[in-house]
Amino acid sequence: MAVSIESSYFFMSLNIFLCLTIFVGKSSGAIAPAIYVFGDSLLDSGNNNFLQTQTKANFTPYGVDSPSGPTGRFTNGATGGDFIATFLGLPYPPAYLSLSEGRRRITTTGINYASSGSGILPESGTALGDILSMDEQIEYFKNTVKNDLPRIYRSRAILSYALSRSIFVISTGSNDYLNNYLQPRFYNGSQTYPPQQFANLLLNTLEQQLTQQISTNTSSNTSVTTSSNTYVTTSINFVFKIWFSSP
């Protein structure tokens, strides 16, 4: 069913839940070898615990149903990314900033790069403090692929196989409205762009970010050399689900 942005674009929150499903086989009893998570508070598993920001969830009542108590997740327990990991037979992907350099180099089942308050645009959410913007999250993922995973997967073919069958989950977009466009006191987005142009800016920027990420580390039917001389080959299927809701 087509969604008309033009008819509902002004007072709305845009929430893009993008699931890049890239797997059809099994690995070590799991449905996928790894899960990589990007986005905002819907998926943040504790990265903001390590940032100077107002958007933290490391206190009650967050985590009231978690055996570990508050963990930095903006839920009573697990996040959507955690549930997907469990369904795949994988452990919860740890927050990237919670891992030491040594832990990053031995983590094979995925990492969570999501940061509460972040959006598609780098300035979104910054009035609340430090965040990992989508661009920064992608850079951290590139570092994982270029510097960490090659220490685990010594063979180019094995690393390529593992990444091409991993699951990528992204939830982003709402903070570009809630903590950007609808906050003219702190951001000039609404003064610079009419609503339709701003929506197009978000979609175009997200496309560029994902294209950059994929072309750097993966390529359909083409081998791509990264700085670690690791070749990654994959084909990508995109499943988009977009919600528009009026506050």
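Colleague: Start with D82 and R73. Buried or exposed?

Modeller: D82 is buried, and R73 is buried as well. Buried means under 20% relative accessible area, exposed over 50%, and partly exposed in between, with a 1.4 Å probe and protein chains only. Their side chains meet in a salt bridge, 2.6 Å from N to O.

Colleague: What do I need to know about the model and the numbering?

Modeller: This is a predicted model: local features need pLDDT of at least 70, side-chain atom pairs count only at pLDDT 80 or more, and totals for chains, interfaces and linings use all residues. Residues are numbered from 1 along each chain as its sequence is written, and side-chain values use heavy atoms, with hydrogens and water left out.

Colleague: How many salt bridges does the rule give?

Modeller: Three. The rule asks for a side-chain nitrogen of Lys or Arg within 4 Å of a carboxyl oxygen of Asp or Glu. Besides D82 with R73, E101 meets R105 at 2.4 Å, N to O. K142 meets E139 at 3.2 Å, N to O.

Colleague: Where do K142 and E139 lie?

Modeller: Both are in helix α3, three residues apart, about one turn of the helix. Helices (H or I, at least four residues) and strands (E, at least two) are DSSP runs, numbered from the N terminus. K142 counts as buried, at 6% relative accessibility. E139 is partly exposed, at 42%.

Colleague: And R105?

Modeller: Partly exposed, with a relative accessible area of 28%.

Colleague: On to the strands. What does β2 pair with?

Modeller: Strand β2 covers residues 35–39 and runs parallel to β4, with five bridges joining the two. Three bridges join β2 to strand β3, residues 110–112, also parallel. Two strands pair if DSSP finds at least two bridges between them.

Colleague: Which residues stand opposite each other?

Modeller: I35 faces I167 in β4. G39 stands opposite S171 in β4. On the β3 side, V37 stands opposite N112.

Colleague: Why is β4 called largely enclosed?

Modeller: Because six of the six residues of β4, 167–172, are buried. I167, V169 and S171 point one way, and F168, I170 and T172 the other, all of them buried.

Colleague: Which way do the β2 side chains go?

Modeller: I35, V37 and G39 point one way, Y36 and F38 the other way. Five of the five residues of β2 are buried, so β2 is also largely enclosed by the rest of the structure.

Colleague: Which members of the largest nonpolar core touch the most others?

Modeller: Y36, F38, Y113, F141 and L149, out of 30 residues in that core. Such a core is a set of buried Ala, Val, Leu, Ile, Met, Phe, Trp, Tyr and Cys residues joined through side-chain atoms within 4.5 Å. At least two residues each come from β2, α3 (134–152), α4 (156–164), β4, α5 (175–181) and α7 (195–217). Another core lies apart from it, with 11 residues, among them A32, V37, L90 and I167.

Colleague: Last one. Where is S166?

Modeller: S166 sits in the loop between α4 and β4. S166 is buried, at 1% relative accessible area. A polar atom of the S166 side chain lies 2.8 Å from the backbone oxygen of A162.

Conventions:
Polar contact = N/O pair within 3.5 Å; in protein donor to acceptor, adjacent residues only side chain to side chain.
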